[in-house]
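Here's a quick tour of the fold before you load it into your own tools. Take a look at the sequence and the model first, then read on.

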Amino acid sequence: MLDETVLHITDPETLRAMAHPLRQRILIELNVREHARAADLARSLDVPANSISFHLRVLAKHHFIEEAPELARDKRDRVWKPVVERFQVDRNLAGAENAIDPYLRWLRAMFLRDREASGAQDDFHEGTASGAFFTRDEAEQMTAEVFAVMEKWWDRTGAAKRADPDDPERKFYQVLYAVGPRDLAREPIPED
């Protein structure tokens, strides 16, 4: 099973390794499958195996994944597994704000898809923005409760994906959760 420790990203090279879109797809797939060969990932992600192999080595160099020789069929067989589920980027690191860019691009695309689909049947997706007046303790308690619900669903859907990794009905759904104080008085108001 995965190590529950958080990988602290404190250098620009590791940040760049994590921020690459294909490497993020590889990490997602490995976290769902728990282990895989380059050929498995190539088939699942529809990317050439040699490209997947290169990106696996980069991820291993930066301690996102490691080889799992105990799962290999023989000495030539290379099986990879994730070693962390989460990472934390040092906010003082140059370019740290870029770590959220893939999530923001996905969020924008999801809302644009709504507008362009104009009622067409598509995969389920939902987005909402809300706010409330919390104390810090209340915000932390709510976050713990949200994470508990998310953990339950990650376990349930992860088990189903591992049982049939190539099930065409089972798609990756991104979940984005953010909570924090917002100083509305200091936000610039766009001109009309």
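One definition to start: two strands count as paired if DSSP finds at least two bridges between them. Helices (H or I, at least four residues) and strands (E, at least two) are DSSP runs, numbered from the N terminus. What you have here is a predicted model, where local features need pLDDT of at least 70 and side-chain atom pairs count only at pLDDT 80 or more, while totals for chains, interfaces and linings use all residues. Residues are numbered from 1 along each chain as its sequence is written, and side-chain values use heavy atoms, with hydrogens and water left out.

**The chain as a whole**

- The chain has six helices and five strands, and going along the sequence they come as β-α-α-β-α-α-β-β-β-α-α.
- Taken along the principal axes, the C-alpha atoms fill a box of roughly 65 × 45 × 35 Å.
- Of the 192 residues in the chain, 27% are buried (under 20% relative accessible area; exposed is over 50% and partly exposed is in between, with a 1.4 Å probe and protein chains only).
- Among contacts (heavy atoms within 4.5 Å) with a separation of 6 or more, 63% link residues 24 or more positions apart.

**The sheet**

- Strand β3 pairs with β4 (residues 79-82) in the antiparallel sense, over three bridges.
- E66 has K81 of β4 as its bridge partner.
- The open sheet has three strands, in the order β2-β4-β3, with antiparallel pairing.
- β2 (36-37) and β3 (65-67) are the edge strands with a single partner each, so one side of each has no neighbour in the sheet.
- Helix α2 (residues 21-33) lies across β2, β3 and β4, and runs at about 90 degrees to β4 (axes are lines fitted to C-alpha atoms, for helices over the stretch in contact, with angles from 0 to 180 degrees between N-to-C directions).

- R33 sits in helix α2, and at 11% relative accessibility R33 counts as buried.
- Setting aside neighbours within four places in sequence, R33 touches D40, S44, R162, P165 and D166.
- Helix α3 (residues 38-45) has A38, D40, L41, A42 and L45 buried.
- Those buried residues of α3 pack against α2, β2 and α4 (49-61).

**Helix α6**

- α6 has 28 residues and spans 40 Å from its first C-alpha to its last, close to the 40 Å expected at 1.5 Å a residue (the expected span is 1.5 Å times one less than the number of residues).
- Buried in α6 are A139, T143, M150, G158 and K161, and the buried residues of α6 pack against α2.
- R156 lies over the face of W153, 4.2 Å from the ring centre (the cut-offs are NZ of Lys or CZ of Arg within 6 Å of the ring centre and within 35 degrees of the ring normal).

**The aromatic pair**

- There is one aromatic pair in the structure (rings of Phe, Tyr and Trp, its six-membered ring, with centres within 6.5 Å; planes under 30 degrees apart are stacked, over 60 edge-to-face and the rest tilted).
- F147 and Y177 make up that pair, edge-to-face at 5.8 Å centre to centre with 70 degrees between the planes.
- F147 is in helix α6 (residues 136-163) and Y177 is in the segment after α6, so the pair ties together parts 30 residues apart in sequence.
- F147 counts as partly exposed at 42% relative accessibility, and Y177 counts as partly exposed at 26%.
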